[in-house]
Amino acid sequence: MNAKQHAIVIGGSIAGMLAARVLSDHFERVTIIDRDALPDSPEPRRGAPQTAHVHVLLRRGLLIMQQLFPQLEAELTQAGALSVNWTRDLVTFTPAGWSPRFDSEYTTRTCSRGLLEQLIRRQVAALKNITTIARCEALEPLVTETRSAFTGLKMHDRDRSENAVVELTADLIVDASGRTSKGLDWIARLGYAAPEETVINAHVGYATRAYRRPANFSADWKSMMVRTRPPFGLCGGLIYPIENNLWMVNLAGAGAERPPTDEASFLDFTRTFIHPALYHAVKDAEPISAMHTYQRT
């Protein structure tokens, strides 16, 4: 195989798709594999469990994505993603009071993680030298006789059959599978020492629910954050505007002040904040999703 002929990317979420897009400029072929069925919709999927929570697209991230996919911002606009000037459109309450607001050059887009992933997937699908194989799981690497280099992957391709195991050779493998990565196990099986890990549990938890913004709601802000710091408390929240005139409401806390895990107590938790503004904004909004929680740091 000639150098730079084929690259494989494990994982078809945003990180994997961006990696594949960059590699497409340097390899004749790029193959993305993902163990999920990949829908052409903003719906959450098993391999991206954080989709239901708030994801902030930073300005630099938007600029980089726009370089890779020139039509992306136009498609975000068409899909209803808002334009937010963060120092003007975000109101923040802290123990010191309301933070000052002013215009700045830092304007970006707010949308759901699912919508952003959907639009990027469509852009990737339009590139002729990138192939995406869904419902395909990396099992183990193919290696040289000396076990000094990877030469491809052995994969479980469920689209062929439920028991189909296939091999795919490659010059480069990028592991973008996130928390489920098997990369360190593979390296250890080749006889290399695994890196030392340090795990620190911050005992932080959060909960998110989507709401429909009230039809008669009027305010001079687009996003709201109530923040705190010890000893004033350990909990706070965020209203984050997304497409279709919706809010994602995220509640966070630490230690014994973590958000509840039942929907009935979701709104009540906002009453414990150091300022009632978030509660008053959300109390008349219509919840349109289940509550999604995350308690593991």
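User: Which strand gives the largest share of the lining of the second largest pocket?

Analyst: That's β12, with 3 residues; strands are DSSP runs of E, at least two residues, and helices are runs of H or I, at least four, numbered from the N terminus. This is a predicted model, so to speak of local features we need pLDDT of at least 70, side-chain atom pairs count only at pLDDT 80 or more, and totals for chains, interfaces and linings use all residues. Residues are numbered from 1 along each chain as its sequence is written, and side-chain values use heavy atoms, without hydrogens and water.

User: What counts as a pocket, and what lines this one?

Analyst: On a 1 Å grid over the protein atoms alone, a pocket is an open set of points where a 1.4 Å probe fits, with protein on both sides within 12 Å along at least five of seven lines; lining residues have an atom within 4 Å of a point. Here, 19 residues line the second largest pocket, with P42, P44, S112, A210 and I242 nearest its centre. β12 (204–212) and β15 (246–254) are the elements giving two or more residues to that lining.

User: How many residues line the largest pocket, and what is its volume?

Analyst: A volume is the space filled by probe spheres set on the points, joined across faces, edges and corners. The largest pocket comes to about 680 Å³. Its lining has 31 residues, and G47, S177, G178, R179 and T180 lie nearest the centre. Two or more residues come from each of α1 (14–23) and β8 (136–143), and β8 gives the most, 3 residues.
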